[in-house]
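Here are a few notes to read alongside the model. Have a look at it first, then go through the points in order.

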Amino acid sequence: MRRQEFQCKERAVWEDLLSTVKIGHIAFRRGENLEILPYNFSYLHEHLYFHCSPQTGLAGAVGSPAKFLAYHEVAWIPSTWRHPHLACPATTYFTSLTLSGRLLAVESLKEKAEALEQFMRKYQPDQAYTPLSDKRYHGPLSALFVLKLKVESPVLKRKMGQHLTPQQREKVYDGLRTRALLGDRVVAQAMAESNDESDPQGWVESLNPAQLTNLVKLISKSYWAEGRSLSEQANLNQSSQLLLAKCDSQKLLAFARVTWVTPRVAYLADVIVSPEARGKGLGKALVARVMNHPRLRKTPKVILHTKDAQSFYTQFGFREKHGDENSFMERQLH
Ligand SMILES: CC(C)(COP(=O)(O)OP(=O)(O)OC[C@H]1O[C@@H](n2cnc3c(N)ncnc32)[C@H](O)[C@@H]1OP(=O)(O)O)[C@@H](O)C(=O)NCCC(=O)NCCS
């Protein structure tokens, strides 16, 4: 890789990419021709698995050397974040993984079933289907052509502004935090981490899978989100433009998220502090940080619902609108 600063060796990053990116490209040689094909894939036990009919596409590539590429476009960076007039700084930030190897045919029915089960976990996580180990699948599985590619020495590129000067980085970072789309939060977090600027107090704006699991354990016991599932919370987090959490490594201590209802009205939701961390000022620090976020500072109205924490929010300027059982509060700036 020409720019060494983009190279990433973290296993968690490439495993996450392989389990979330839905389409990979495989290039291989067929006779004199070079072919490249898009394929769905699953990742299991250090191998990528692909399936096709025995007559087509990849089936003709068994035994031949192949290159695999998968990438995830994380955020678009407009030129104006770096220069008021010039077009050249416009770019996208992305994570990509390439690897080389030899495509092998999978013969064992058990391995095929495991690989296909992994496909289903990735492409249909609701698991509303009979497991692939069921004997009714034996016929179709025997007829299906499954190939695998060993994941060896993957080259992982994580282009997230590492090459920028501190002044340029600051501008892009501010742009990302103000725009606050889902990918922007991921990039802002990665920029802070890769440039060794992670918050020493553990404040983050994007959760890793372990932190998300811990959030669900905590929030699913609250009165407003009782029984909320992992995928429900993941969807809510994805659709929120601002997310703030304090973590001690993987442990989640405090969390809040904000969704913009209109450009001028934001909804503050899921404010929670883990029981052992309560009463020490963390809840106050959390809401203060949220309200001071560059994007929220420019939003005239913030609304929320609460059953019993009205006095907690009044210190941040919220006023009760309807004093019913589940109070509606708002803070109006202008
Ligand atoms: C509400 C919550 C986020 C506060 O977090 P915390 O870390 O315990 O709060 P802090 O230690 O920062 O306390 C800040 C102040 O708010 C007060 N406070 C805490 N919880 C309160 C509540 N439920 N109602 C009213 N005031 C509350 C504290 O007494 C303290 O007051 P003080 O500054 O006068 O001493 C936390 O208790 C929590 O997660 N509760 C369960 C989930 C919940 O109810 N979330 C709000 C849903 S809208």
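1. Strands here are DSSP runs of E, at least two residues, numbered from the N terminus, and two of them pair if DSSP finds at least two bridges between them. Y43 sits opposite L48 in β5. Two residues lie between the strands of this hairpin, and H45 takes a positive phi near 45 degrees.

2. A word on the source: this is a predicted model, where local features need pLDDT of at least 70, side-chain atom pairs count only at pLDDT 80 or more, and totals for chains, interfaces and linings use all residues. Residues are numbered from 1 along each chain as its sequence is written, and side-chain values use heavy atoms, with hydrogens and water left out.

3. β5 also pairs with strand β9 (residues 145-150), antiparallel, over six bridges. There, C52 stands opposite F145 in β9. Five of the six residues of β5 (residues 47-52) are buried, meaning under 20% relative accessible area with a 1.4 Å probe, protein chains only.

4. Now the rings: the structure holds nine aromatic pairs, counted when ring centres of Phe, Tyr or Trp (its six-membered ring) lie within 6.5 Å; planes under 30 degrees apart are stacked, over 60 edge-to-face, the rest tilted. Y39 and F50 are edge-to-face because their planes stand at 85 degrees, with centres 6.3 Å apart. Y39 belongs to strand β3 (residues 33-39) and F50 to β5, eleven residues apart.

5. How buried is F50? Its relative accessible area is 0%. F50 also forms a tilted pair with F68, 5.9 Å centre to centre and 50 degrees between the planes. Ring pairs link Y39, F41, F50 and F68 into a cluster.

Technical notes:
Buried means under 20% relative accessible area, exposed over 50%, partly exposed in between (1.4 Å probe, protein chains only). Helices (H or I, at least four residues) and strands (E, at least two) are DSSP runs, numbered from the N terminus.
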